[in-house]
Amino acid sequence: MSEKQINPLPHRLKQARKAKGISQKQLGIQLGMEPGTASARMNHYEKGKHTPDYTTLKAMADELGVPVAYFFCESESTAELLCLLEKMSEEERALLLQKIKTD
């Protein structure tokens with residue numbers, strides 16, 4: 001019997017939103033949702049009741065300052081590394097990749 005897989009997206013979404021210091025309602029409104037439903041819609045995403053489509057997920061990532069892939073990281077260290085990598089220039093990433101491959 002395999003262990004039940006948990007979708008990391010709800011946790012990562014809530015984590016990124018809280019790190020940004022904004023409410024569910026604020027985030028929803030910033031994404032263009034109606035003020036009356038923004039909080040409820042974001043709550044459904046954070047509870048895992050609904051999953052946003054890619055366009056919405058990309059908008060959330062952009063608004064929260066994280067890469068889309070962040071929402072799918074299963075470990076804290078991978079999520080943190082991914083965010084740090086995104087802040088690097090392409091040249092810096094290439095050099096780091098080269099170093100990792102040769103070590």
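Predicted model: local features only at pLDDT ≥ 70, side-chain atom pairs only at ≥ 80, totals over all residues.

Colleague: How do the elements run from the N terminus on?

Modeller: They go α-α-α-α-α-α.

Colleague: And what does the C-alpha trace span along its principal axes?

Modeller: About 55 × 40 × 20 Å. The chain has 103 residues, and 30% of them count as buried.

Colleague: What about the accessible surface, how much of that belongs to carbon and sulfur atoms?

Modeller: That share is 54%, out of about 7,200 Å² for the chain.

Colleague: Nice. And what percentage of contacts between residues at least 6 apart in sequence join residues at least 24 apart?

Modeller: For this chain it is 46%.

Colleague: Let's switch to packing. At what angle do the axes of H1 and H3 cross?

Modeller: Roughly 125°, and the two axes come within 6 Å. H1 covers residues 9-20 and H3 covers residues 35-47. H1 is therefore oblique to H3, since that angle lies between the 65 to 115 range for roughly perpendicular and the cut-off of over 145 for roughly antiparallel.

Colleague: Which residues make the contact?

Modeller: From H1 there are Pro10, Leu13, Lys14 and Arg17, and they meet Met42, Tyr45, Glu46 and Lys47 of H3. By type, that gives four nonpolar, four charged and no polar residues.

Colleague: Let's zoom in on arginine 17. Is it buried or exposed?

Modeller: Arginine 17, in helix H1, has 8% relative accessibility and so counts as buried, the limit being under 20%.

Colleague: Which side chain does arginine 17 join through a polar contact?

Modeller: The side chain of glutamate 46, at 2.5 Å. Leaving out residues up to four places away in sequence, arginine 17 also touches Ile22, Ser23, Gln24, Leu27 and Leu64.

Colleague: You mentioned Gln24. Where does glutamine 24 lie?

Modeller: In helix H2, which covers residues 24-30. Glutamine 24 counts as buried too, because its relative accessibility is 14%.

Colleague: And what does the side chain of glutamine 24 make a polar contact with?

Modeller: With the side chain of glutamate 46, at 2.8 Å.

Colleague: Which other residues is glutamine 24 in contact with?

Modeller: Setting aside neighbours within four places in sequence, they include Arg17, Ala38, Ser39, Met42 and Asn43.

Technical notes. Residues numbered from 1 in each chain as written. Heavy atoms only, no water. Axes fitted to C-alpha atoms, helices over the stretch in contact; angles between N-to-C directions. Helix = DSSP H or I, 4+ residues; strand = E, 2+ residues; numbered from the N terminus. Parallel < 35°, antiparallel > 145°, perpendicular 65-115°, else oblique. Contact = heavy atoms within 4.5 Å. Nonpolar A, V, L, I, M, F, W, Y, C, P; charged D, E, K, R; others polar. Buried < 20%, exposed > 50% of the residue type's maximum accessible area, 1.4 Å probe, protein only. Polar contact = N/O pair within 3.5 Å; in protein donor to acceptor, adjacent residues only side chain to side chain. Areas by Shrake-Rupley, 256 points an atom, 1.4 Å probe, with all protein chains shown as cover.
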